[in-house]
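Trainee: Could we go through this model together? I would like to know where to begin.

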Amino acid sequence: MDKIEQNDGTNRDELIMQQQREIEKEISDSTPLVSEQLPITCLNAEYLGDEVFTSKIQDLAGKYKFLRRTRPDGNCFFRAFAYAYLEHLISNKDEYLRFKDLAEKSKDKLVQLGFPSFTLEDFHDTFMEVVKRVDPASGSTDQVCDELHKVFNEQGYSDYVVVYLRLLTSGKLQEEADFYQHFIEGNFTIEEFRHQEVEPMYKESDHIHIIALCTALGVGVRVEYMDRGDTHVKAHDFPEGSTPKVFLIYRPGHYDILYPN
Amino acid sequence: MSTPARRRLMRDFKRLQEDPPTGVSGAPTDNNIMIWNAVIFGPHDTPFEDGTFKLTIEFTEEYPNKPPTVRFVSKVFHPNVYADGGICLDILQNRWSPTYDVSAILTSIQSLLSDPNPNSPANSTAAQLYKENRREYEKRVKACVEQSFID
């Protein structure tokens, strides 16, 4: 924890945190946690006159029909992943039951790994409540999809889902620390990385978060990368060789949900 | 109105009553569960021994996804405590985890009293004395221990 040396006795941490809160509020006032489905071409407005991106959007529009935006608050990967996967489960009943069972049992596993059971229970209860609210058997596909959209735009529920996925990710990193240690840059230990970059809310996700979460849940994810290089979007599947159930687009610093043709 | 933050704070309170950690206590104020008063007793075998240090903890509706603001009300001479009582502790800032509860916060602050981090000073005089003149440091700490009886 390196802080700026200071001698004037003012509480600079608090000033920094206050400023951060103001920026976050500005974002939250202007963007929903998860948007409606939008045409892929809605991205054009952000890259007017930019040939590289315009050609990539065109490429993307050939493979995907819709995009669903998530709020850029550092939790976007986890929120997008949870939404897209639960939405996939609404029309895949058997997989829903597999996931529900896995999610049910995940709490005991995390407790065994050393997570505090008292606070974990709170997140797990809420997570299971959300999973049950989107049970494919609870209504027509449209009704359940509406329920999913509603619950993911309620900050309390939506954030608790993110927290629980962060804890599952952290648990996986700990469980297979020897493996994941190789992916960590700098002098972080797995322990430090989990506490500093995975468990706290609003910390952005990297490949290591994605691989750990996908492995923990047994769910394949395809990420379409849209950056300055090349003229086409580049797809990458996590874990490698898996069949993707969740499709995301990554633009530097942010993930949104994609719907394949 | 029950929100996730309020529900969680009720649970935190219940746990603190049923399973109180040694040397700390805390409770919501009479009419607002979002503001708590707490006391940390100075840990044994440290210059803070015998002190009773009062704190306030202010939560927002974003708790436990964001840490509360914790502040000493009692005067505390410590390398990581600001003049206004604010506390420089990583778990209350960039290493906050939603799995921490009030009990964990108070015990972490209690161990900060025993083990200051002079490389991240909020009170540079305290940090310097802690590193270079431990006897004077302890004298200044003991003065605030005595002050804590009167507060």
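Mentor: Let us begin with Cys88(B), which is found in the loop between β4 (69-72) and α2 (102-114) of chain B. Please keep in mind that this is a predicted model.

Trainee: What does UniProt list Cys88(B) for?

Mentor: The UniProt record gives Cys88(B) under "active site".

Trainee: Is Cys88(B) buried or exposed?

Mentor: Cys88(B) counts as buried, because its relative accessibility is 2%, and buried means under 20%.

Trainee: Changing topic, how many residues does the contact take from chain A and from chain B?

Mentor: Chain A gives 35 residues to the contact, and chain B gives 36 residues.

Trainee: And what is the area buried between the two chains?

Mentor: About 2900 Å² is buried between chain A and chain B, and carbon and sulfur atoms give 51% of that area.

Trainee: How many salt bridges are there across the interface?

Mentor: The rule finds two salt bridges between chain A and chain B. One of them joins Asp122(A) to Arg8(B), with the closest N and O atoms 3.8 Å apart.

Trainee: Which helices of chain A supply at least two residues each to the side that touches chain B?

Mentor: They are α1 (12-30), α5 (117-133), α7 (155-175) and α9 (190-198) of chain A. The largest share of that side, seven residues, comes from α5(A).

Definitions and conventions
Residues numbered from 1 in each chain as written. Chains lettered and ligands numbered in written order. Predicted model: local features only at pLDDT ≥ 70, side-chain atom pairs only at ≥ 80, totals over all residues. Heavy atoms only, no water. UniProt positions renumbered as here; feature names shortened; annotations may be inferred. Helix = DSSP H or I, 4+ residues; strand = E, 2+ residues; numbered from the N terminus. Buried < 20%, exposed > 50% of the residue type's maximum accessible area, 1.4 Å probe, protein only. Contact = heavy atoms within 4.5 Å. Buried area = accessible area lost by both parts, 1.4 Å probe. Salt bridge = Lys/Arg side-chain N within 4 Å of Asp/Glu carboxyl O.
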